[in-house]
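Dear colleague,

Please look through it first, and then read on for an account of what was found in it.

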Amino acid sequence: MTSRTPRDSRLRLVGPRTLAAAPRAAVTQRRRPAPRPPEGTPPPVELARMARAVLADAARVAHWADAALRPGRDGASPDGKGTLSAATAERAADDLGLTPDQVRHDWDTARLAGLIEVHGDSARPGWRLRAWHRDDSAVLRGWVAFFDAWSIAYPEPEEREPAAVAEVVSAMPQVLSFLQLSAGPVPVEQLLDLLEQRVTELRTERCEVPYGPRPEPSPEPAEDTPLAPLLDWSLRALASVGALTYGDAQATLTPLGSWAVWVKLEQICVAAQSPAGNIEVSAEDMLRGCAQLRPNAARAEYRAWLAARPVGGAVTELIDAARGEDALIRSLAFEALRVVGAPAEPDVRTVADKTPLRPYALLWLAEHDGADPEDAHEVLTREESTWLWVDTAAAVADHGEAPLLVRHLESAVQPTVPALLAEVRAVGHPRTVQVLVALAAAHPDPALAKAVRRAAFQVHTGGS
């Protein structure tokens, strides 16, 4: 027999990490098989061992800072650039048996790899440092971040035309791709020919733009800058981050470098093959194209989309998409911002006090500051958690299936259904009525469904 009164159903308390995964889990489709790396690529555990070896000195300084500075509050200068103060560098050098210059170099490497995160004039250990000895994927992501910053990690030649340096940096992905496909030593002379061709293409593309302000001619035009010294610098820089070996007038990708180039090529291929053409579309269209993908595949799409545009503009576009009415797009936008990482922090902080983005921004910032994703929801107030529960329910109702909406009850912070309904009504989410109506239609318990319908009617009419 079914009770005629609402049951005081107990809800299992779980962390609210179902934001994007639940709607996507309802979609089944034929997916592209996971690509395999080129033959001869070491397994991830071996690649991670190599990455740890490359970053060992940086990890040592980061661990020292974590232990000695608790966690680095006095370690960065007040210039806001994250450089070590002279006193701290001397202290670290004494403790670690290094020179102050070595400490500064390893500190900078740790920052580029995400082992240390600098916020203004304070520094703290990054989440990758916490996972350094137990999570191979975190180590590899840290090394890839260091690899991506090769042109920063190794100072560029002095007195070189900045425009020429920028052109060479832009052209190097094609050089690296050629090295990866060659799967062996390549003469520097051949790489120089390829670099010159690619730089010529970039200059031709730049000249094809007919409108807009024309830059003032530089004293030393980039076209007159010899590229051989810049190629030498690029190869030395890439060797310094462990991506290749360079000597005897030839270069060879290391296993780490070959794997990283393959991963980036795969990311571009996956996005290019998606039905929405995700590399070239707007942020919102890209997110809609990712809505039916599993989390790992979606993250690969985000990375490819981000790689094709300046970070600042991409972050702005993602946040603008998150401001829309579609709760699923809002959730996916912040998943993409997690892929961006530290460069997105200033923009995320600016929306942390604005509904509807506040709960998402607070969770993002908590995770960015080192909180475990399963515990990050603790930064939210009860009202913010309830608002987020309704917003996620709206995403499930719009894009998922009825059983998912019923299971979404388990992620509520309220211990009982009556308490949940009371707080949902009070929180004032614009989709409250639609969410409650959908939940009532989906729930198999007639008494609970009746109570939910009654709550929806009361919200709709403004009654009590």
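This is a predicted model: local features need pLDDT of at least 70, side-chain atom pairs count only at pLDDT 80 or more; totals for chains, interfaces and linings use all residues.

Residues are numbered from 1 along each chain as its sequence is written, and side-chain values use heavy atoms, with hydrogens and water left out.

The two partners R49 and E46 are three residues apart in helix 2 (residues 44–54), and therefore about one helical turn separates them. Helices (H or I, at least four residues) and strands (E, at least two) are DSSP runs that are numbered from the N terminus. R49 counts as partly exposed, because its relative accessibility is 47%, and E46 counts as partly exposed as well, at 26% relative accessibility; in these terms buried means under 20% relative accessible area, exposed means over 50%, and partly exposed lies in between (1.4 Å probe, protein chains only).

Other salt bridges

Side chains of opposite charge can pair when their charged atoms come close. A search of the whole structure finds 20 salt bridges, and one of them joins R203 to E167, with the closest N and O atoms 3.0 Å apart. This pair links distant parts of the chain, since R203 belongs to helix 10 (residues 188–207) and E167 to helix 9 (residues 162–182), 36 residues apart. R203 counts as buried at 14% relative accessibility, and E167 counts as buried at 5%.

Also in helix 10 is L194, which counts as buried because its relative accessibility is 15%. The C-alpha atoms of L194 and M172 are separated by 9.6 Å, although these residues are 22 apart along the chain.

R323 forms a salt bridge with D320, and here the closest N and O atoms are 2.9 Å apart. R323 is partly exposed, with a relative accessible area of 43%, and D320 counts as partly exposed at 45% relative accessibility.

Which order do the three strands of the open sheet take? The order is 3-5-4, with antiparallel pairing, where two strands are said to pair if DSSP finds at least two bridges between them. Strand 3 (186–187) and strand 4 stand at the edges, each with a single partner strand, so one side of each is left without a neighbour in the sheet.

Strand 4 (residues 244–247) and strand 5 (residues 250–253) pair in the antiparallel sense over four bridges. Along this pairing, L244 stands opposite L253, T245 stands opposite T252, and Y246 stands opposite A251. The hairpin of strand 4 and strand 5 has two residues between the strands, and in this hairpin D248 takes a positive phi near 55 degrees.

Strand 3 pairs with strand 5 in the antiparallel sense over two bridges, and the bridge partner of V186 in strand 5 is A251. Strand 5 has a covered face, made up of A251 and L253, and an uncovered one, made up of Q250 and T252.

One further loop

E374 lies in the loop between helix 18 (358–368) and helix 19 (382–399), and E374 is partly exposed, with a relative accessible area of 46%.

Notes:
A salt bridge is a side-chain nitrogen of Lys or Arg within 4 Å of a carboxyl oxygen of Asp or Glu.
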